[in-house]
Amino acid sequence: MQYSNETMRLLYERASCRTFKDVAIPNDVLKEIIEAGCHAATGGNLQPYSIIKITSDEKKDQLVNVCGMQNIVKKAPVNLLFCIDWRRTKKWAESNDAPYTALNSYRHFWIAFQDTIIAAQNICTAADALGLGSVYIGTVESCFMELKDLCEIPEGVFPVVLLSLGYPTVYPEPRKKLGYDAIVHDEVYNDPSIDTINTYMSDKYDNKTFPLSDKNLETLLEVSKDVGGDDYAKKLVTNSKDRGYINMAQRYFALHYSANWACTGNKEFLDALRAYGFTWVDGEDMLMK
């Protein structure tokens with residue numbers, strides 16, 4: 001494929017790298033990469049995020065053994081934990097006699113979450129540009145309280161995502177993506193037909209299917225039963241047997257990102273936000289009356 005320039009090539013060919021050489025990232029290289037994240041777009045130029053840099057074997061072992069993260073984290077020379085950080089601006093505001101409510105405001109949280117992810121993606125692209133590879137570790141969402149203790153994270157700071165960085169053993173081929181026609185809607189949302197969606201997704205995944213093994217069917221039945229009850233589960237299993245395979249949608253939402261498991265932990269998430277000092281989750285306006 002022909003690209004307009006090197007930046008476009010990097011963006012099109014970016015892929016998650018899960019194997020790294022046992023080679024340290026030079027401090028000047030790492031600093032340049034992180035500075036690229038510091039120059040990312042941010043609401044009001046407030047930069048409401050911080051990055052906890054993790055390089056020690058001890059801390060990486062704890063991320064895996066205490067937080068249950070993937071073993072990739074141990075192999076990566078550097079792991080960057082991106083956090084929303086309203087603590088820094090709170091101290092700044094209070095020390096300068098400015099009223100401050102960011103911890104009480106979902107609006108501030110919403111914008112800060114976006115800003116944090118944008119900074120992370122800038123760093124991801126910068127790493128690619130300097131010959132490194134990276135992979136996002138999304139399981140931060142399963143260990144908020146463990147990370148709070150492990151990284152000594154105070155109130156007003158909240159972990160969002162981990163990015164593992166290193167020099168790739170082999171840079172992976174980019175995975176096939178949905179393209180312009182599937183993603184872009186002109187002026188209004190144009191609700192696509194089921195046939196159109198299935199065509200897009202089948203093309204993206206090259207019509208890949210999975211076998212009707214006893215294990216796959218048992219998992220499909222169990223997950224579907226939790227989600228929609230006995231009749232619903234039996235219907236999905238029967239349809240799969242009639243087709244003769246497990247399809248990609250079932251692989252994602254039954255076998256991999258199990259739909260029943262995905263609905264657990266909602267209360268724990270809200271409790272974690274409270275523990276980190278984000279009081280807006282209780283749904284009340286916190287201004288004086």
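**Helix packing and its surroundings**

A: Helix 10 (residues 214-228) packs against helix 11 (residues 230-243) at an angle of about 145°, and their axes are 7 Å apart. Helices (H or I, at least four residues) and strands (E, at least two) are DSSP runs, numbered from the N terminus; axes are lines fitted to C-alpha atoms, for helices over the stretch in contact, and angles run from 0 to 180 degrees between N-to-C directions. The model is predicted, so local features need pLDDT of at least 70 and side-chain atom pairs count only at pLDDT 80 or more, while totals for chains, interfaces and linings use all residues. Residues are numbered from 1 along each chain as its sequence is written, and side-chain values use heavy atoms, with hydrogens and water left out.

Helix 10 crosses helix 11 in the right-handed sense (left-handed if the near helix is turned anticlockwise from the far one by less than a right angle, right-handed if clockwise). On the side of helix 10, the residues in contact (heavy atoms within 4.5 Å) include Leu217, Leu220 and Leu221, and they meet residues of helix 11, among them Tyr232, Leu236 and Val237. By class, this contact has eight nonpolar, three polar and four charged residues (Ala, Val, Leu, Ile, Met, Phe, Trp, Tyr, Cys and Pro count as nonpolar, Asp, Glu, Lys and Arg as charged, and the others, Gly among them, as polar).

Helix 2 (residues 27-38) and helix 6 (residues 106-129) also cross at roughly 145°, and their axes come within 7 Å. This crossing is right-handed. Ile33, Ile34, Ala36 and Gly37 of helix 2 face Ala119, Asn122, Ile123, Ala126 and Ala127 of helix 6. The contact has seven nonpolar, two polar and no charged residues.

Helix 6 also lies across strand 1, strand 2, strand 3 and strand 4, and runs at about 155° to strand 2. The open sheet of four strands has the order 1-2-4-3 with antiparallel pairing (two strands pair if DSSP finds at least two bridges between them). Its edges are strand 1 (49-54) and strand 3, each of which pairs on one side only. From one strand to the next, the twist averages 25°. Helix 5 (residues 87-95) packs on the sheet as well, touching strand 1, strand 2 and strand 4, and its direction makes about 45° with that of strand 2.

Within the sheet, eight bridges join strand 2 (residues 78-85) to strand 4 in the antiparallel sense, with Val78 opposite Leu165. Strand 3 (residues 133-137) and strand 4 (residues 157-166) run antiparallel and are joined by five bridges, and Tyr136 has Leu163 as its bridge partner. Four of the five residues of strand 3 are buried (under 20% relative accessible area, exposed over 50%, partly exposed in between, with a 1.4 Å probe and protein chains only).

Leu132 lies in the loop between helix 6 and strand 3, and is buried, with a relative accessible area of 1%. Leaving aside neighbours within four places in sequence, Leu132 contacts Ile25, Val29, Ile33, Ala127, Gly166, Tyr167, Pro168 and Tyr171. Ile25 is 107 residues from Leu132 in sequence, yet their C-alpha atoms are 8.8 Å apart.

The largest nonpolar core has 54 residues, and Leu63, Met69, Leu147 and Phe278 have the most contacts inside it; such a core is a set of buried Ala, Val, Leu, Ile, Met, Phe, Trp, Tyr and Cys residues joined through side-chain atoms within 4.5 Å. A second, separate core of nine residues includes Tyr205, Leu217, Val237 and Tyr252.
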